[in-house]
Amino acid sequence: MDTASKLIKSWMNNAGLIATVDPMQNVIGSWPSENASSPSIHLGSHYDTVINAGKYDGPLGLLLCISAVEILRLEGYEPKHFINILGFCDEEGIRFSSTFLGSSYLCGTFDLNFLDNRDSEGNTMRELLESRGMDTSQFNKAKPLISKDDLFLEPHIEQGPVLENLDLPLGVVTGIAAQSRIHVSITGKSGHAGTTPLELRKDALTTAAEMILAVETLFDANSNARATVGQINNYPNAINAIPGKVEFTIDLRHPVTAGLNQLKEELLEKLNLIIQKRDLPCEIDFLQSVDSITCDRGIQKAMNKALAKHQKSVTSFTSGAGHDTLKIAQTCRSGMLFIRCRDGLSHHPDEYTSPEDIRVALNAWVDVIRELDQNFPES
Ligand code: HGY
Ligand code: MN
Ligand code: MN
């Protein structure tokens, strides 16, 4: 992490920004400008990544922000508003199963419950942060960098197929889906694979298998829903032992919060039926839920105007993927630009966006920043 934050800081410095790394490892680059004033315009994305994933999800957006500001500075552009570029340290929430850590810290809305979450080695987030010298009792107490009158703008790869199907390099995001992360722990009883008859088995893995298929059937009733079991641990995980304990996670999404809540109810009903039938102790914990958001209409309008100069038509749609914008929009008006990626593929090493599309995105992003700085939308 240190290596990445130092590198990003050096890129920001090379672009003429005053860059710092905060204790969470967010990298913050401020445009030094004598004539600028509040409210600020914050630009950015995250620089962490999913295990065995691609290099565009997050970092491309951050690099576009740095390059766009460098272009504007070289043009001699004088911003009316303070402009900051923010490289968020942890958006994916892999290590502690809790997302938007960097952006919530900068908004002063960090969820303090996350401090007790443990990583796979049993360390709590609090222990890790305090070992780095952070005083976690002070979280959310100082005046945050991102405040309610500011604007936040994030460019990001689409991570889905809409733009490719429309043959367009860029799109405007109208809102971001609600999401929930759930942890399930089933306690069975380990035993000998060769001797234990069916009626004496308490197999945690076959119970989990039934539950996982129930998660998949949530799609039947609702094509807008997304439900995924992405992580599973089986104990003792031996070829000749009955599984005595299984833990797995469920990632649930729906374009609107009410739909997500309905989905959670349906899921709990299905899981409870399986628990009753199988008669094994099971704990279901809701790790995190974030409501859907609508991107600011003034920002969407400015993006529509800027994009119209760079492609044959402009399209807008909701993001199924989560982004720092989902968290930051709870604090200030926010908006996102999407960039086409090959086959809509993301969270995979083959994730790819072409240099041609990146060039269009950079030119459009310069226009978006200039437009919103000159015509800061009325709240
Ligand atoms: O999980 C997500 O939607 C995002 O990529 N962090
Ligand atoms: Mn991601
Ligand atoms: Mn991302």
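A disulfide is a pair of cysteine sulfur atoms within 2.5 Å. By that cut-off, a search of the whole structure, which is a predicted model, finds zero disulfides.

**Cysteines**

Cysteine 65 takes part in no disulfide; the nearest cysteine sulfur belongs to cysteine 332 and is 14 Å away. Cysteine 65 is buried, at 0% relative accessibility. What is the closest cysteine sulfur to that of cysteine 332? The sulfur of cysteine 107 is, at 6.4 Å, too far for a bond. Cysteine 332 also counts as buried, with 4% relative accessibility.

| Ion | Protein donors | Distance | Spacing in sequence |
|---|---|---|---|
| Manganese ion (ligand 3) | His46 (NE2), Asp57 (OD), His156 (NE2) | 2.0 to 2.2 Å | H-x10-D-x98-H |
| Manganese ion (ligand 2) | Asp57 (OD), Glu92 (OE), Glu92 (OE), His347 (NE2) | 2.0 to 2.8 Å | D-x34-E-x254-H |

Which residue coordinates both ions? Aspartate 57 does, and the manganese ion (ligand 3) and the manganese ion (ligand 2) are 3.6 Å apart. Aspartate 57 sits in the loop between β3 (37–46) and α2 (59–75), while histidine 156 belongs to strand β5 (residues 151–157). The pair therefore ties together parts that are 99 residues apart in sequence. Both aspartate 57 and histidine 156 are buried.

Now the other ion. Glutamate 92 is buried, with a relative accessible area of 7%. Histidine 347 is partly exposed, at 40%.

**Ligand 1**

Which residues surround ligand 1? They are Glu91, Glu92, Gln159, Arg253, Ala321, Gly322 and His347. By class, this shell holds one nonpolar, three polar and three charged residues.

An N or O atom in the side chain of glutamate 92 is 2.8 Å from a nitrogen atom of ligand 1. For glutamate 91, a polar side-chain atom lies 2.9 Å from a nitrogen atom of ligand 1. Histidine 347 places a polar side-chain atom 3.0 Å from an oxygen atom of ligand 1. On its own, ligand 1 has 220 Å² of accessible area, and the protein covers 93% of that.

**Backbone geometry**

Most residues other than glycine have a negative phi, and most peptide bonds are trans. Some residues depart from this pattern.

The peptide bond from serine 38 to proline 39 is cis, with omega near -5°. Proline 39 is part of strand β3. A cis bond also joins tyrosine 235 to proline 236, with omega near 0°. Proline 236 falls in the loop between β9 (232–235) and β10 (245–254).

Aspartate 167 is not a glycine, yet its phi is positive, about 55°. Aspartate 167 lies in the loop between α5 (162–166) and β6 (170–176). Its relative accessible area is 47%, which makes aspartate 167 partly exposed. Histidine 347 has a positive phi of about 55° too, again without being a glycine.

Methods
Residues are numbered from 1 along each chain as its sequence is written. Chains are lettered from A and ligands numbered from 1 in the order in which they are written. This is a predicted model: local features need pLDDT of at least 70, side-chain atom pairs count only at pLDDT 80 or more; totals for chains, interfaces and linings use all residues. Side-chain values use heavy atoms; hydrogens and water are left out. Buried means under 20% relative accessible area, exposed over 50%, partly exposed in between (1.4 Å probe, protein chains only). Donors are N, O and S atoms within 2.8 Å of the metal (3.2 Å for Na, K and Ca); water is not among the atoms, so sites may look incomplete. Helices (H or I, at least four residues) and strands (E, at least two) are DSSP runs, numbered from the N terminus. A residue is near a molecule or strand if one of its heavy atoms lies within 4 Å of it. A polar contact is a pair of N or O atoms within 3.5 Å; within protein, one must be able to donate a hydrogen and the other to accept it, and residues adjacent in sequence count only if both atoms are side-chain atoms. Accessible areas come from the Shrake-Rupley method with a 1.4 Å probe; for residues, only the protein chains shown count as cover. Ala, Val, Leu, Ile, Met, Phe, Trp, Tyr, Cys and Pro count as nonpolar, Asp, Glu, Lys and Arg as charged, and the others, Gly among them, as polar.
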